[in-house]
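Hi,

Here is the structure you were waiting for. Have a look at it first, and my notes follow below.

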Amino acid sequence: KAHFNVETIRKDFPILSRKVNGYPLVYFDNAATSQTPQQVIDTIVDYYSRYNANIHRGVHTLSQEATDAYEEARIKIQKHFNAEKSHEIIFTSGTTHAINLVASGFASLLKKGDEIIVSALEHHSNIVPWQMLCEKTGAQLKVIPMGEEGALKMDEFEALLSERTKLVFVNHVSNALGTVNPVKEIIKKAHEVGAAVLLDGAQAAPHIKADVQELDVDFYVVSAHKMCGPTGVGVLYGKEEWLNKLPPYQGGGEMIATVTFEKTTYADLPHKFEAGTPNICGGIAFGAALDYMNNIGFDTIAAYEQELLEYATEKLREIEGLKIYGTSGEKTAVISFNIGDIHPYDIGTIIDKLGIAVRTGHHCAQPVMDFYGIPGTVRASFAFYNTKEEIDVFVKAVERAKNMLS
Ligand code: PMP
């Protein structure tokens, strides 16, 4: 197990030494976007300084270097998620793009009377594309309900399953609450009725190293910007047999085998789903981000983040009137809370003046907020480069905001 020294780690992140409103930055908005280590920034600078070129088609040296680096990144991602084949890794612009790619593909596979199941805990990006798909196909959307503590009601899930169920979409970890869903059981039960499962790994991937073969999941989607990589890049993992069944998402260059005005044939995987010039630098930098995190080790990261989570939960609970949402079972380092009927936005605004970044609002999960009958929450989300000292600063600031607002 790698020795973990948070002060050494923090030196890798230049942004962590900046000041905000005259105070040292305390960055607790990691569930929205994580920060970027120097190693990844260097990779980006190196790409644009030395070998920026379009990939796959060029015979010249720069194009070949860029192609090699991009395809090496794909293999790093394949190994990280333990996909069986590298062409099961499709580069996308992020989680949202990956989900829309699958939803659009399923439009040709679904018919009226088919059913799609999502969970009550979903991000809007995992609700809206399915609603659009249902409108197109006449399929019906069913929802796994949640309980007060944020756990999905698994017996009700089982009752929803039938031979009509064609797809099940659940987030691996809820972005609104940080709760880890029982995905292995969901996959097993869904497969028993022949349904495919897509897991939204956007919030899980920064904390949990998912093994797609062990999970036996059909699709897994992530965004690089939540795991120390740049924005605008992510991946869709899909089992080869499913990716072969889905039609291409977008037409264009890169995704064809032959084109005539009479008929076009499509390229093999993964290129069939990668029309146009991709985010080449982003893909390469995503690979560098995975190297960086794997160098520290996901077990080490998870253990340290759990320490932060426990410490912060304990400290926040000392504030009278503070309520934490999503307390069931296993969690990643996310705390979603409110204090009395103080608006979360007001707390967020006051603590920003003290240099502290948290997210406030519905976190793109309005159905979860409706469930609790609240407009939103304050969400503090920690990464492995955060410290207990920062949590102390944060808790004091929240107390100060509470005193000012009540
Ligand atoms: N799903 C979940 C669970 C998320 O947390 C997010 C990002 N907030 C998304 C999907 C969307 O990711 P992106 O904006 O990178 O496409």
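**What I found**

The shell around the ligand is made up of three nonpolar, ten polar and one charged residues (Ala, Val, Leu, Ile, Met, Phe, Trp, Tyr, Cys and Pro count as nonpolar, Asp, Glu, Lys and Arg as charged, and the others, Gly among them, as polar). There are 14 residues around the ligand, and those that come nearest are Gly94, Thr96, Asn175, Ala202 and Ser223; a residue is near a molecule if its C-beta atom, placed from the backbone, lies within 6 Å of it.

Before you read on, please keep in mind that this is a predicted model: local features need pLDDT of at least 70, side-chain atom pairs count only at pLDDT 80 or more, and totals for chains, interfaces and linings use all residues. Residue numbers start from 1 along each chain, as its sequence is written.

**Helix pairs**

Two packed helices are described by the angle between their axes and the distance between the axes. Helices here are DSSP runs of H or I with at least four residues, strands are runs of E with at least two, and both are numbered from the N terminus. Axes are lines fitted to C-alpha atoms, for helices over the stretch in contact, and angles run from 0 to 180 degrees between N-to-C directions.

Take α2 (residues 38-51) and α10 to begin with: they pack at about 150 degrees, with axes 9 Å apart. That is why α2 and α10 are roughly antiparallel (angles over 145 degrees count as roughly antiparallel, under 35 as roughly parallel, 65 to 115 as roughly perpendicular and the rest as oblique). On the α2 side, Gln39, Val40, Thr43, Ile44, Tyr47 and Tyr48 meet Cys281, Ile284, Ala285, Ala288, Ala289 and Tyr292 of α10, where contact means C-beta atoms, placed from the backbone, within 7 Å. The residues of this contact divide into ten nonpolar, two polar and no charged.

Then there are α12 (residues 344-352) and α14 (residues 388-405), which pack at about 120 degrees with their axes 9 Å apart. That angle makes α12 oblique to α14. From α12, Asp346, Ile347, Ile350 and Ile351 meet Ala397, Val398, Ala401, Met404 and Leu405 in α14. Here the contact residues are eight nonpolar, no polar and one charged.

**Loops worth a look**

- Which bond joins Leu269 and Pro270? A cis peptide bond, with omega about 0 degrees. Pro270 sits in the loop between β12 (264-266) and α10 (280-296).
- Asp216 has a positive phi, near 60 degrees, though it is a residue other than glycine. Asp216 is in the loop between α8 (212-215) and β9 (219-223). Asp216 counts as partly exposed because it has 13 C-beta neighbours inside 10 Å (20 or more is buried, 12 or fewer exposed, and partly exposed is in between, with C-beta atoms placed from the backbone).
- Glu254, also a residue other than glycine, has a positive phi near 75 degrees. Glu254 lies in the loop between α9 (240-245) and β11 (256-259), and with 18 C-beta neighbours inside 10 Å, Glu254 is partly exposed.
- Leu16 belongs to the loop between α1 (6-11) and β1 (19-20). With 19 C-beta neighbours inside 10 Å, Leu16 is partly exposed. Beyond its neighbours within four places in sequence, Leu16 is in contact with Arg10, Leu25, Tyr27, Gln35 and Tyr385.

Cheers

Notes:
Two residues are in contact if their C-beta atoms, placed from the backbone, lie within 7 Å.
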